[in-house]
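Thanks for coming. I will walk through one structure today, starting with a term and then going from the whole chain to a few of its parts.

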Amino acid sequence: MLSLLEQVSNFTGVALVHNTKADSSGNDDAQAIQCTTYETLIVEAKALRAKGNLPCQAVLSFENLTTFVTYLLAYESVVANLYLQPEVPLALPNKSNANKSSASTPDSADKNTAATVWHLPTSGTTGTPKWIAHTSASLCRAIKQGQQHQQTRWALCYQPFRYAGLQVLLQSLLNGATLVDCTTADTTKKVDIIRREKVNAISATPTLWRQFLLSSAFSDSSPPFTIEKITLGGEITDAPLLALLASQFPNAKIMHVYASTEAGVGFAVTDSQPGFPKQWLTTGVNENSLKVDSEDVLWIKANAAQNTELKKINNTIVEVDSEGYVNTNDVVMIKDNRVYFKGRANGAINVGGQKVHPEHVEQVLLQSPLVSQARVYAKKSSIMGQLVVADVVLSASKDIETKPTIALLLHCKKHLARFEMPTKINVTDSIAINASGKIGRTQQASAE
């Protein structure tokens, strides 16, 4: 297999768009654009390699996109272990063996034949962040390549050191497509950059897509904003959001992708429905095999040999069974001919011994036309252990509903078991998201 640098070398002369903090319009809040060609990045990466003193293990932090990509290309196939450090540094398994990207340490090992192991941090949405190892082959396995993708202008909304962000970055690099840095935390600024740079492909979480749509920035755009590719990932996708995206972007190809840092890319769903077809549990999909265990947890097997190798690298972090299936920790439910996601196995709320998946309650709330955004979390209870609480942002239809919380509780009663019902629904103007574009729940538990 060609190295990443060699593959990228096949596509040169296409701009990599990189945002800096410099001002080009006189507005202190505006972001200027600096264009750097792939040739420049490749030359810089080759120069770093030519010095011959790259460390055997390295930590790569994200300071700006150009430097990040240059070092990524320089390190790939040279260093043995590459750690993509998140904004809040995650302790390394063995600090003494890793060197920061800005520092290089001579080593007697052969640096030209290393099969780089990429170590990516999980987001820690439902637990403590941890390192997950991948090979170059496992990271690039699901990326579609071809000359037809060169004209794509991808918005990089995920952080590039996360699995989802790295997939967007690699998708652009390996096709010579344009990559627009939209990693700024401010949603309004993201939208401004997307419109200004004429982005035509966006990959984001369902939560971030709801915020985009709530801002009305795209629907009010003049001339009309056009987009060709829409992908959703990182969270459960619901039917109302898919319908709204299809209505606003009728010419866009819309898909929701199932992937995780632990299991990699599983599959993409393009039939405009949430969940995935039940028949995939029998036939498999995208060269992956799927199964659901007795606890309703989804397992996925991409390649037995590859997973055995990842099991060896990740030790006990990633659970792989004797058949090579990876435990996704995602709980599903099967209804009719469809498999729907309910939530993370380790993120359930314990209500008197009954497990409630907050993501499932959010999906029910989002089915109501009254709700545009929802966040469900636990509240400590001396009697029940925990109770279910919800924050919601009302949609425009709130003007015709005088008692929205009562209407929402009645709506929940139709679709949820009694123990799953929110004990309180708070109406709020906004719901904060984390840097990954997801709703964070680890800090939401509150005392009674």
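Before anything else, a definition: a residue is called buried under 20% relative accessible area, exposed over 50%, and partly exposed in between. Take Thr67 as a case. Its relative accessibility is 34%, so Thr67 counts as partly exposed. Thr67 belongs to helix 3. In sequence, 23 residues separate Thr67 from Glu44, and their C-alpha atoms lie 9.5 Å apart in space.

Now the whole chain. What you see is a predicted model. The protein chain has 448 residues, and 54% of them count as buried. Its secondary structure comes to 12 helices and 23 strands. If we take the contacts with a separation of 6 or more, 66% of them join residues 24 or more positions apart.

A word on confidence. Mean pLDDT for the protein chain is 83, with 81% of the residues at 70 or more. Two stretches need a caution. Over residues 20–33 the pLDDT stays under 50, and the model gives this stretch 23 contacts beyond four places in sequence. Residues 102–111 are also below 50, with 15 contacts in the model beyond near neighbours in sequence. Where pLDDT is low, the predicted coordinates should not be read in detail.

Back to helix 3, and to its partner. Two packed helices are described by the angle between their axes and the distance between the axes. Helix 3, residues 65–75, packs with helix 5, residues 163–173, at an angle of about 75°, and the axes are 13 Å apart. That angle makes the two helices roughly perpendicular. Which residues make the contact? From helix 3 they are Leu65, Phe68, Val69 and Leu72, and from helix 5 they are Leu166, Leu169 and Leu173. By type, the contact has 7 nonpolar residues, no polar ones and no charged ones.

Next, the strands. Strands of a sheet pair through backbone hydrogen bonds, either parallel or antiparallel. For a parallel case, look at strand 8, residues 153–156, which pairs with strand 9 over 4 bridges. Ala155 has Val180 of strand 9 as its bridge partner. Strand 9, residues 178–181, is covered on both faces: Thr178 and Val180 are buried on one side, Leu179 and Asp181 on the other.

For an antiparallel case, strand 6, residues 117–121, pairs with strand 7 over 5 bridges. Here Leu120 is bridged to Ile132 in strand 7.

Methods:
Residues are numbered from 1 along each chain as its sequence is written. This is a predicted model: local features need pLDDT of at least 70, side-chain atom pairs count only at pLDDT 80 or more; totals for chains, interfaces and linings use all residues. Side-chain values use heavy atoms; hydrogens and water are left out. Axes are lines fitted to C-alpha atoms, for helices over the stretch in contact, and angles run from 0 to 180 degrees between N-to-C directions. Angles under 35 degrees count as roughly parallel, over 145 as roughly antiparallel, 65 to 115 as roughly perpendicular and the rest as oblique. Contact means heavy atoms within 4.5 Å. Ala, Val, Leu, Ile, Met, Phe, Trp, Tyr, Cys and Pro count as nonpolar, Asp, Glu, Lys and Arg as charged, and the others, Gly among them, as polar. pLDDT is the predictor's confidence in each residue, from 0 to 100. Buried means under 20% relative accessible area, exposed over 50%, partly exposed in between (1.4 Å probe, protein chains only). Two strands pair if DSSP finds at least two bridges between them.
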